[in-house]
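I opened the model today to look up a few things. These are my entries, in the order I made them.

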Amino acid sequence: MSNKIRKISLLGATGSIGRSTLDIVARFPERYQIVALGGGRNIPELLNLAKRFHPELLAVQEESGADELTRSLKDAGLSIPVVTGQPGAVAAATHPNADMVVAAMVGAVGLEPTYAALQAGKDVALANKESMVMAGRLLNEVAAANHAAILPLDSEHSALWQALNGEPEKGVKKLILTASGGPFREFSMAQMAEVTPEQALCHPRWDMGPKITIDSATMMNKALEIIEARWLFDMVPEKIEVLVHPQSIVHSLVEYLDGSVLAQLGLPDMRLPIAYALSYPERLDLDLPKLNLAETCRLDFFAADERRFPALKLVRQALDKGDSGSIALNAANEIAVERFRRGRIGFLEIAETVARVLAQTEPQKFTTLNEILDFDAGIRQSLSSAGY
Ligand code: MG
């Protein structure tokens, strides 16, 4: 594998994970090549990336963006086809020359292209946790049927993957996901009620996009990561726990039946888990700042507080309801986060919205992508008729 160039289709190229992925690709041109790039609305950035990485296909969200990009490419003397919308993202995810897809889109829009990539037999390095939350069982099935692998990019899941490496599954007692606790780790409920979007968008440890940053502040990010871990490692939810660790150095831990605990440590830099997934089973010699434990001095750990961070309780309710519960949790959260960002609801109302939707959700199991997408659309529709 090492002397073969890995050809990558990168979706979500202009986001935080996308930029870190391209940093790794640019450091190892003898190993990686970009064949397709998908982005949202940042057309100037996509143009820059097209000039640097010469993909064979570009995917953007909107027609107007595609027109602008096509004109700019022409002015730059480049002739690269530009496709749009969900069909465009699917075309990039299934590009015939790609052997690996990096799925770094944000939110439920990531599901269809991720599914299509696995169906086409591509290995998927997955940062889009929402697709695993909505359709974990189905994605595992389609991956197995098409001999494709789902490789975790999320730092916690990469840590679990590394700590599980080579160990027999039946020896695992539990998976422990660490959480920084976000910017409001020590806030009272009264303080949290007054939190503004600007405050919620300031994360103490990780530099991430706005949606995941707000999810970190509510700890919904960790709730989604419990579901993600449940499917990535085929682990019953009761065996997945959360531990608050403000320094974000220990990225997660696996406790074994004999009481041994294996952890993965590193500086909080997404290029580490990305490089691990892209180079697996090898490790790249990365010239990045290294962890110095003597300088770090201390590593703190606390139990998670489900009263102040109800997302951690809601996720258990969602998992009890099965597929419909996870989809409802995710859809209601996406909509509530967007509404909070626009200043329409308060910070605590994000979890309240999710709780309300979840209470109205009947347990249901889904076996096809369309059933999942329809149910997701139904939740969003009912929230929008309720004034969201
Ligand atoms: Mg994470």
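I call a residue buried under 20% relative accessible area, exposed over 50%, and partly exposed in between, using a 1.4 Å probe and protein chains only. The model is predicted, so local features need pLDDT of at least 70, side-chain atom pairs count only at pLDDT 80 or more, and totals for chains, interfaces and linings use all residues. Residues are numbered from 1 along each chain as its sequence is written, and side-chain values use heavy atoms, with hydrogens and water left out.

**Entry 1: the metal site**

Which residues coordinate the magnesium ion? I found Asp-154 (OD), Glu-156 (OE) and Glu-225 (OE), at 2.1 to 2.2 Å. Donors here are N, O and S atoms within 2.8 Å of the metal (3.2 Å for Na, K and Ca); water is not among the atoms, so sites may look incomplete. Along the sequence, the donor residues follow the spacing D-x1-E-x68-E. Two of them link distant parts of the chain: Asp-154 sits in the loop between strand 7 (150-152) and helix 7 (155-164), while Glu-225 belongs to helix 11, 71 residues apart. I took helices (H or I, at least four residues) and strands (E, at least two) as DSSP runs, numbered from the N terminus.

Is Asp-154 buried or exposed? Asp-154 has 8% relative accessibility and therefore counts as buried. Glu-225 has 0%, so Glu-225 counts as buried too.

**Entry 2**

I counted two strands as paired if DSSP finds at least two bridges between them. Strands of a sheet pair through backbone hydrogen bonds, either parallel or antiparallel. An open sheet of 7 strands has the order 4-3-2-1-5-6-7, and its pairing is parallel. Its edge strands, strand 4 (82-84) and strand 7, each pair on one side only. On average, neighbouring strands of this sheet are turned by 25 degrees against each other, direction ignored.

I then followed some bridges. Strand 1 and strand 5 run parallel and are joined by 4 bridges; Leu-11 has Ala-103 of strand 5 as its bridge partner. Ala-103 in turn has Leu-126 of strand 6 as a partner, and Leu-126 has Pro-152 of strand 7.

Strand 5 is covered on both faces: Met-100 and Val-102 on one side, and Val-101 and Ala-103 on the other, are all buried. Helix 4 (residues 85-93) lies across several strands, including strand 3, to which helix 4 runs at about 150 degrees. For such angles, axes are lines fitted to C-alpha atoms, for helices over the stretch in contact, and angles run from 0 to 180 degrees between N-to-C directions.

Another open sheet has 5 strands in the order 11-10-8-9-12, with mixed pairing. Strand 11 (261-265) and strand 12 (302-303) are its edge strands. Strand 8 (residues 172-179) and strand 9 (residues 240-244) pair in the parallel sense over 5 bridges. Leu-177 has Val-242 of strand 9 as its bridge partner.

**Entry 2: helix 16**

Which residues of helix 16 are buried? I listed Ile-350, Ala-351, Thr-353, Val-354, Val-357 and Leu-358. They cover an arc of only 155 degrees around the axis, which puts them on the same side of helix 16. The arc is that of the directions from the helix axis to the C-beta atoms. These buried residues pack against several helices, among them helix 10 (210-218) and helix 17 (369-385). Contact means heavy atoms within 4.5 Å.
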